Amino acid sequence: MLSKRDPEEERVALEWLYAVAGETPPAGDVPYDLQLRDGQLLCRAINKLMPGAVKNINSSSSHFKMMENINKFTAACRKYGVPDHDLFQTVDLYEMKDIVSVTGTIYALGRTTYKHPEWPGPWLGPRPSESQTRQWSEEQLRAGEGVIGLQAGSNKGATQAGSNYGATRKVLLGK
């Protein structure tokens, strides 16, 4: 993800959080980072995804309590299955240092919901890819042994003979 903020991604992520929490966004033009800064919306959303994930959501405006909400959210995301490399640090949101990584975590949480069949939706972001294992019979494996691919050096007689790109090497004697 680039280091520049994308207002459209932020709008979609915020709409998804409110939809998951079952709430309506506040009236007026409240900035994205200020709506998330106290961690309450994040905690309410993760509690809908994984009931009981955050037992006590602090509603105090104390700095410590807000940071505690954010820590509880990231811990719950980790338990829900969001990879550690997709999680933001508490200071990224609280001190508004790296809001892009906060948005990235919300999108990672949205992708992780696809792996939980108990969640009826809404989802955020594309569905993660799943493994597609193939089972080959012995006959199919043996049939592939007779095929010579172009990487094996056969290209119907094509060679590099006669190609002389660039300057030729000059040997200077006596120096």
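Reader: Where is the place of proline 122?
Author: The model is a predicted one. In it, a cis peptide bond joins glycine 121 and proline 122, with omega about 10 degrees. Most peptide bonds are trans. Proline 122 has its place in the loop between α6 and α7.

Reader: Which residues is threonine 113 in contact with, leaving aside its neighbours within four places in sequence?
Author: Threonine 113 lies in the loop between α6 and α7 (138-145). Its relative accessibility is 0%, so threonine 113 counts as buried. Leaving aside neighbours within four places in sequence, its contacts are Trp16, Leu49, Tyr80, Trp119 and Trp123.

Reader: Are the rings of tyrosine 114 and tryptophan 123 stacked or edge-to-face?
Author: A search of the whole structure finds two aromatic pairs. In the pair of tyrosine 114 and tryptophan 123, the ring centres are 5.8 Å apart and the planes are at 10 degrees. Planes under 30 degrees apart count as stacked. The pair of tyrosine 114 and tryptophan 123 is therefore stacked.

Reader: Is tryptophan 123 buried, partly exposed or exposed?
Author: Buried means under 20% relative accessible area and exposed means over 50%, with partly exposed in between. Tyrosine 114, at 21%, counts as partly exposed. Tryptophan 123 has a relative accessible area of 39%, so tryptophan 123 is partly exposed.

Reader: How many of the 14 residues of α6 are buried?
Author: α6 reaches 20 Å from its first C-alpha to its last, close to the 20 Å expected at 1.5 Å a residue. This helix is largely enclosed by the rest of the structure, because the buried residues among its 14 number 13.

Reader: Which residues does glycine 110 touch, not counting residues up to four places away in sequence?
Author: Glycine 110 lies in helix α6 and is buried, with a relative accessible area of 0%. Glycine 110 and tryptophan 16 are 94 residues apart in sequence, yet their C-alpha atoms are 8.4 Å apart in space. Not counting residues up to four places away, glycine 110 touches Trp16 and Leu124.

Reader: How far from the sulfur of cysteine 43 is the nearest cysteine sulfur?
Author: The count of disulfides comes to zero. A disulfide needs sulfur atoms within 2.5 Å. Cysteine 43 is in no disulfide, and the nearest cysteine sulfur, that of cysteine 77, lies at 9.1 Å.

Reader: What is phi of methionine 96?
Author: Methionine 96 has its place in the loop between α5 and α6, and at 33% relative accessibility it counts as partly exposed. Most residues other than glycine have a negative phi. Methionine 96 has a positive value, near 55 degrees.

Reader: Over which ring does the charged end of arginine 37 sit?
Author: A charge sits over a ring if, for Arg, CZ is within 6 Å of the ring centre and within 35 degrees of the ring normal. For arginine 37, the charged end is 4.2 Å from the centre of the ring, which is that of tyrosine 94.

Note on methods. Residues numbered from 1 in each chain as written. Predicted model: local features only at pLDDT ≥ 70, side-chain atom pairs only at ≥ 80, totals over all residues. Heavy atoms only, no water. Helix = DSSP H or I, 4+ residues; strand = E, 2+ residues; numbered from the N terminus. Buried < 20%, exposed > 50% of the residue type's maximum accessible area, 1.4 Å probe, protein only. Contact = heavy atoms within 4.5 Å. Phe/Tyr/Trp six-rings, centres within 6.5 Å; stacked < 30°, edge-to-face > 60°. Expected span 1.5 Å × (residues − 1).
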